[in-house]
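My entries follow in the order in which I worked.

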Amino acid sequence: MRVTMVGTGYVGLVSGACFSEFGHSVICVDKDASKIEALRRGEIPIFEPGLDKLVAENVAAGRLSFSTELADSVRGADAVFIAVGTPSRRGDGHADLTYVYAAAEEIALALDNYAVVVTKSTVPVGTGAEVERRIRALRPDLAFDVASNPEFLREGSAIEDFRRPDRVVVGTESDKARAVMRQLYRPLFLLETPFVFTSRETSELIKYAANAFLATKITFINEMADLCEKVGGDVQDVARGIGLDGRIGKKFLHAGPGFGGSCFPKDTLALVRTARDAGSPSRIVESVVAVNDARKIAMADRVIAAAGGDLAGKTVGVLGVTFKPNTDDMRDAPSLDILPRLIAAGATVRAYDPEGMKAAAALIPGVTWVTGAYDTMADADVLVIITEWNQFRALDLSRMKRLMKVPVVVDLRNIYRPDEMAEAGFSYHSIGRAPVQAH
Ligand code: UDX
């Protein structure tokens with residue numbers, strides 16, 4: 001099949017590369033000429049494990065190419081995916097669909113045979129219908145269908161998620177479009193991946209419902225963590241104790257500094273707006289948004305409290321700034337709320353992140369960026385772990401203790417055991433567990 005992917009952001013690039021690996025002929029299009037030139041040279045604009053190799057292999061096999069020319073790339077395609085950005089609109093939190101509609105109209109003018117236009121970007125309910133209306137208005141002569149095919153991949157494991165998804169969701173009433181989508185995902189059929197064929201509106205809602213549900217799960221366990229701290233419980237055991245109930249499930253029950261990233265914050269907010277506009281407000285999702293926003297801010301207070309209530313003139317070492325490990329993505333990362341507050345409280349902040357420092361430096365002024373984990377600790381009065389990169393999971397505790405001025409660790413990801421930290425001589429503060437003092 002011939003596939004055109006419009007938009008080479010995270011979703012577009014990963015999906016395009018993976019479809020080419022499925023054996024299809026894929027052209028990835030972007031207006032950003034420097035990005036396309038870089039991709040042609042084999043340079044990948046994002047950090048995603050395995051993506052560089054996947055792109056290189058499929059380019060070499062002649063199945064994957066890059067272009068700035070949308071019209072040329074769309075001609076002859078069986079499926080044209082819209083995978084452009086849908087940022088939160090400034091002011092009201094609605095998804096900004098300017099790029100989606102602009103792409104749809106350009107596609108409409110270029111198509112010369114039947115194709116399925118597929119929205120892969122996360123778009124509010126009703127967007128598919130509007131895309132169809134706009135294409136039809138420009139090209140009443142054209143045979144086409146508009147389908148919704150939301151993407152559920154996670155940054156850091158995007159390729160594996162694409163290759164082995166829990167399910168594929170396709171929203172369209174057209175048999176012809178369903179057949180095209182089935183053919184596109186043929187290797188997954190062979191793996192017996194469940195396919196959910198449904199209406200376009202339902203498919204659009206599934207994506208928001210999935211992300212809002214997961215964000216709710218995280219926010220719920222975060223609240224339980226706060227409660228554990230008050231009543232003397234252990235949130236890790238609570239998560240295990242409830243998660244082993246198959247109806248609850250153990251995933252996404254890891255308490256932490258609050259969720260961030262390119263999807264959960266934006267999509268929960270957009271769902272809140274859609275639900276209000278539809279006259280069916282979601283009080284649950286509204287609470288999740290408010291609780292999570294407040295949580296990220298409150299994390300700075302924990303650090304200040306652990307340092308004795310005052311950071312003036314003190315040094316704080318920071319491990320990890322990206323919203324999660326294995327990405328260089330800083331979007332809505334808790335560090336964006338935490339670090340400026342530490343600096344405002346008078347601290348010198350020495351931070352390290354394996355992939356995120358370049359992006360973070362542009363977003364958080366006043367931080368001293370260092371070249372390795374141990375460099376953050378020199379003369380530090382407190383060390384904060386914000387992102388659970390694997391390389392932070394097995395630090396040399398005695399070296400750490402020697403480097404730090406005061407051995408206080410605030411672990412916002414619970415990657416150490418309280419007893420081992422106390423044994424190693426640290427005052428250790430984690431999430432949803434009692435703080436411990438050095439033995
Ligand atoms: C998410 C969805 O998982 C994916 O299906 C969707 O397509 C896009 O959004 P992603 O944003 O890449 O993917 O990351 P994810 O691993 O889901 O984590 C999101 C945030 O929640 C991170 O800030 C992470 O630290 C946090 N999180 C996740 C927790 O705090 N606890 C958990 O148990 C899980």
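The entries below go from confidence and domains to the ligand, the annotated residues and a few backbone angles.

**Entry 1: ground rules and confidence**

I note that this is a predicted model, in which local features need pLDDT of at least 70 and side-chain atom pairs count only at pLDDT 80 or more, while totals for chains, interfaces and linings use all residues. Residues are numbered from 1 along each chain as its sequence is written. I looked up pLDDT, the predictor's confidence in each residue from 0 to 100, and found that the protein averages 96, with 100% of the residues scoring at least 70. For the model I wrote down an ipTM of 0.97 and a pTM of 0.94.

**Entry 2: domains**

I find the protein divided into domain 1 (2-198), domain 2 (208-290) and domain 3 (292-429), with bounds that come from an automatic or database domain assignment. The contact takes 15 residues from domain 2 and 17 residues from domain 3, where two residues are in contact if their C-beta atoms, placed from the backbone, lie within 7 Å. On the side of domain 2 that touches domain 3, the elements that give two or more residues are H10 and helix H13 (283-306); helices (H or I, at least four residues) and strands (E, at least two) are DSSP runs, numbered from the N terminus. H13 gives the most to that side of domain 2, with three residues. I sorted the residues of this side into seven nonpolar, eight polar and no charged, counting Ala, Val, Leu, Ile, Met, Phe, Trp, Tyr, Cys and Pro as nonpolar, Asp, Glu, Lys and Arg as charged, and the others, Gly among them, as polar. The centres of domain 2 and domain 3, taken over C-alpha atoms, are separated by 24 Å.

**Entry 3: the ligand**

Which residues are closest to the ligand? I count 20 residues around the ligand, and the closest are Glu155, His254, Phe259, Gly261 and Cys263; a residue is near a molecule if its C-beta atom, placed from the backbone, lies within 6 Å of it. The shell around the ligand divides into ten nonpolar, six polar and four charged residues. Helix H10 (residues 200-231) supplies the largest share of the shell, three residues. Because domain 1 (2-198) and domain 2 (208-290) both give residues to the shell, the ligand lies between them.

**Entry 4: annotated positions**

For "active site", the unreviewed UniProt entry covers Cys263; UniProt positions are given in the numbering used here, feature names are shortened, and annotations may be inferred rather than shown by experiment. I place Cys263 in the loop between helix H11 (235-243) and helix H12 (264-277). Cys263 is buried, with 24 other C-beta atoms within 10 Å; a residue is buried if 20 or more other C-beta atoms lie within 10 Å of its own, exposed if 12 or fewer, and partly exposed in between, with C-beta atoms placed from the backbone.

For "binding site", UniProt lists in an unreviewed entry Asp30, Lys35, Thr86, Thr122, Glu155, Lys266 and Arg331. These positions span 302 residues in sequence and their farthest two C-alpha atoms are 24.3 Å apart, so they do not all gather at one spot.

Asp30 sits in the loop between strand E2 (25-29) and helix H2 (33-40), and Asp30 counts as buried because 23 C-beta neighbours are inside 10 Å. Setting aside residues up to four places away in sequence, Asp30 touches Gly7, Thr8, Lys35, Ile36 and Thr68. Arg331 is in the loop between strand E9 (315-319) and helix H14 (334-344), and is partly exposed, with 18 other C-beta atoms within 10 Å. Apart from neighbours within four places in sequence, Arg331 contacts Gly260, Gly261, Ser262 and Phe323.

**Entry 5: backbone angles**

Most residues other than glycine have a negative phi. Asn326, in the loop between E9 and H14, has a positive phi near 60 degrees, and Asn326 is partly exposed with 19 C-beta neighbours inside 10 Å. Asp332 also lies in the loop between E9 and H14, where its phi is positive and near 50 degrees; Asp332 is buried, with 21 other C-beta atoms within 10 Å.
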